[in-house]
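Hi everyone, thanks for coming.

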Amino acid sequence: MLIRRRRSWELPESAATPEHVFLSRRALLGGAAGLVALAGAPGLAQAQAAGDPAGDPTRDLYPAARNPAFTVSTPLTPEDVSANYNNFYEFGSDQMNYSIARIAARMPRRPWTVKIDGLVEQPREVGIDDIIRAMKLEERLYRHRCVEAWSMTVPWTGFPMKDFVAFAKPLSGAKYVQMETFVNPKVAPAQNRFIYPWPYVEGLTMAEATNDLAFLVTGIYGKPAPNQYGAPLRLAVPWKYGFKSVKSIVRFSFVAERPVGLWEKVQGQEYGFWANVNPQVPHRRWSQASERDIGTGERRPTLIYNGYGEQVASLYSGLEKTEKLFM
Ligand SMILES: Nc1nc2c(c(=O)[nH]1)N[C@H]1C(S)=C(S)[C@@H](COP(=O)(O)O)O[C@H]1N2
Ligand SMILES: [Mo]
């Protein structure tokens with residue numbers, strides 16, 4: 001999110017450096033010591049096996065049928081590009097340099113339970129496979145627009161969030177759903193190193209969560225999602241900046257108060273609750289007028305609500321005057 005003061009070895013999104021240059025520079029500075037130690041530690045092979053999507057217990061559900069209602073005009077981003085260009089701060093901030101995928105590969109995908117609590121008929125903890133098998137998986141082509149002004153277009157597999165909300169049985173007092181990522185510094189080293197207020201938290205209004213476009217993702221490119229995308233369950237809300245699409249969710253709380261996301265906590269003047277994409281509202285430190293497609297490398301104009309205004313603009317009517325809808 002480019003919000004900390006950069007240390008010398010941290011590069012802005014716009015300054016790609018070949019991986020080997022980056023790694024050796026970092027090793028010289030001693031920053032890689034922890035990783036080297038981990039790589040040599042016993043149990044790594046086991047950890048990698050536990051994190052391998054090829055062993056995912058739901059792989060029989062793939063590929064799921066594509067829902068033709070959710071299509072795009074932008075070209076699909078090649079798998080090897082999107083799989084190695086990730087924001088997942090629990091695993092570090094080295095987005096450009098393949099290391100997020102590599103470090104996230106150690107995260108065990110099972111056992112994985114999801115807490116459903118707050119204002120619901122019956123708070124409970126459910127195994128991820130019981131959730132996935134209670135839903136009907138489908139594939140959707142979605143655009144994704146990061147607040148840092150890069151974008152991609154990918155085939156997610158998952159289920160409509162409104163189906164999950166029905167499964168969770170919220171009470172009428174629930175106004176928002178708050179989602180949390182796991183906390184486990186043993187597999188996510190940056191949860192020790194960085195001072196962010198973990199867990200990663202994000203939230204939606206109930207109207208947003210039950211909009212047709214809100215999607216809970218389990219897979220990508222016709223397979224269970226590799227860890228770096230936020231396995232085994234992450235959100236995709238493509239009309240909002242990417243930071244709203246929380247990864248590796250372990251808890252859904254139905255609440256009356258508006259949740260405060262991790263980025264809003266750290267830098268509330270730049271990252272807010274709504275975070276809807278709008279080319280005309282610049283970030284405090286850069287323009288949002290255009291975006292760089294990580295697949296083609298081309299720059300294109302950014303669209304209001306990332307091109308999904310027809311589906312979602314009505315969610316915000318009447319709120320323009322009182323709410324900061326676009327940050
Ligand atoms: N738990 C968690 N979720 C997260 C993030 C993160 O750092 N941690 N980064 C967000 C941001 S800024 C973006 S752009 C997307 C990136 O998703 P991708 O790596 O699958 O492209 O994940 C979002 N979800
Ligand atoms: Mo992002």
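**Around ligand 1**

Let's begin with asparagine 87: one of its backbone N or O atoms lies 3.3 Å from a nitrogen atom of ligand 1. Please keep in mind that this is a predicted model. Next, threonine 181 takes part through its side chain, where an N or O atom is 2.9 Å from a nitrogen atom of ligand 1. For serine 245 the backbone is involved, with a polar atom 2.9 Å from a nitrogen atom of the ligand. And how much of ligand 1's accessible area does the protein cover? The ligand has 540 Å² on its own, and the protein covers 100% of that.

Now, who are the neighbours? There are 19 residues around ligand 1, and those that come nearest are Tyr89, Glu90, Thr181, Ser245 and Lys247. Sorted by class, this shell holds 10 nonpolar, 6 polar and 3 charged residues.

Let's turn to the space itself. Searching the whole structure gives 3 cavities of 30 Å³ or more. Which space does ligand 1 take? That would be the largest cavity, with a volume of about 290 Å³. Its lining is made up of 23 residues, and Asn87, Arg234, Gly242, Ser245 and Lys247 are the closest to the centre. In the lining of this largest cavity, 13 residues are nonpolar, 7 are polar and 3 are charged. If you are tracing the fold, look for strand S4, residues 150–160: this strand gives the most to the lining, with 3 residues.

That's my tour, and I'm happy to take questions.

Notes: Residues numbered from 1 in each chain as written. Chains lettered and ligands numbered in written order. Predicted model: local features only at pLDDT ≥ 70, side-chain atom pairs only at ≥ 80, totals over all residues. Heavy atoms only, no water. 1 Å grid on protein atoms, 1.4 Å probe; cavity = no way out; pocket = protein on both sides within 12 Å on 5 of 7 lines; lining within 4 Å. Points joined across faces, edges and corners; volume = space filled by probe spheres on them. Helix = DSSP H or I, 4+ residues; strand = E, 2+ residues; numbered from the N terminus. Nonpolar A, V, L, I, M, F, W, Y, C, P; charged D, E, K, R; others polar. Near = heavy atom within 4 Å. Polar contact = N/O pair within 3.5 Å; in protein donor to acceptor, adjacent residues only side chain to side chain. Areas by Shrake-Rupley, 256 points an atom, 1.4 Å probe, with all protein chains shown as cover. Sits in = over half its atoms within 2 Å of the grid points.
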